[in-house]
Amino acid sequence: MTPCDYALLMVYASVKHRLKIGVAEYIEALKDWDIVPLTENGRVIGGVLLKDNEIHVGCGVKPRASTRKFIKGTLGEVIEKYGFATTQVQEGNLAGLRFCERLGFVKLSADNGRILLRCDRSNYS
C-alpha cells in the first residue's frame, strides 16, 4: 500500500461511524480526489482530500502534536490557486464544525443534513 492508500483508510476510519457505506464504496467515491498523507514521526495518521477547491481533513489516529502547519500549507495552496476553499460538515458534527471554523471557514448554507463552508483566508496564514 502507498502512503496515499493509508491516508485514505485513515480518513475513512475517522468518518466511518457517520457514513452509510463500506470502505470499498468510500474508496470508489473518492477515486477522482487527490490524497495528501498527513504523517507524524514517519507514520501516516490521516490525510487531506482535495478535489478542485474542496478540502476535507481526517485523522484515523489522534495526532500527538499540532498538524496546523501541514493543514495551513495545504489549505493555503488551495486558496492561492482557486481564491477560496470549500468543505462540508454533517449537521451534528460539532467537533468538525469547530475545527473548520478555527481554520477560517464560515458557514454558507445548510441542506440535506450538510453544512457548506467557505474559507477565503486561513486563520493560520
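## Helices, strands and the model

Helices here are DSSP runs of H or I with at least four residues, strands are DSSP runs of E with at least two, and both are numbered from the N terminus. I27 is found in helix α2. This is a predicted model, in which local features need pLDDT of at least 70 and side-chain atom pairs count only at pLDDT 80 or more, while totals for chains, interfaces and linings use all residues. Residues are numbered from 1 along each chain as its sequence is written, and side-chain values use heavy atoms, with hydrogens and water left out.

## Around helix α2

Let us begin with the rings. Rings of Phe, Tyr and Trp (its six-membered ring) pair if their centres lie within 6.5 Å; planes under 30 degrees apart count as stacked, over 60 as edge-to-face and the rest as tilted. The count by this rule is one aromatic pair. Its members are Y12 and Y26, whose ring centres are 5.0 Å apart with planes at 55°, so the pair is tilted. Because Y12 belongs to helix α1 (residues 3-15) and Y26 to helix α2 (residues 23-29), the pair ties together parts that are 14 residues apart in sequence.

Y12 is buried at 12% relative accessibility, and Y26 is buried at 8%.

## Salt bridges and a charge over a ring

How many salt bridges does the structure hold? There are two, where a salt bridge is a side-chain nitrogen of Lys or Arg within 4 Å of a carboxyl oxygen of Asp or Glu. One joins the side chains of K31 and E28 at 2.8 Å, N to O. K31 is exposed at 56% relative accessibility, whereas E28 is partly exposed at 46%.

R118 and D120 form a salt bridge through their side chains, also with an N to O distance of 2.8 Å. R118 is partly exposed with a relative accessible area of 28%, and D120 is partly exposed with 45%. R118 has a further contact: its charged end sits over the ring of F84, 3.7 Å from the ring centre. For this, NZ of Lys or CZ of Arg must be within 6 Å of the ring centre and within 35 degrees of the ring normal.

## The second largest pocket

A pocket is an open set of points on a 1 Å grid over the protein atoms alone, where a 1.4 Å probe fits, with protein on both sides within 12 Å along at least five of seven lines; lining residues have an atom within 4 Å of a point. The second largest pocket holds about 160 Å³ of space. β1 (34-40), β2 (43-51) and α3 (68-82) are the elements that give two or more residues to its lining.

Which element gives the most to this lining? It is α3, with five residues. The lining includes T74, E77, V78, K81 and Y82, along with D34 and D52. By class, it has four nonpolar, one polar and five charged residues.

## Positive phi in two loops

D52 also has a positive phi of about 55°, although it is not a glycine. D52 lies in the loop between β2 and β3 (54-59) and is exposed, with a relative accessible area of 53%.

N41, another residue other than glycine, has a positive phi near 55°. N41 is in the loop between β1 and β2, and it is exposed at 73% relative accessibility.

Notes: Buried means under 20% relative accessible area, exposed over 50%, partly exposed in between (1.4 Å probe, protein chains only). Grid points are joined across faces, edges and corners, and a volume is the space filled by probe spheres set on the points. Ala, Val, Leu, Ile, Met, Phe, Trp, Tyr, Cys and Pro count as nonpolar, Asp, Glu, Lys and Arg as charged, and the others, Gly among them, as polar.
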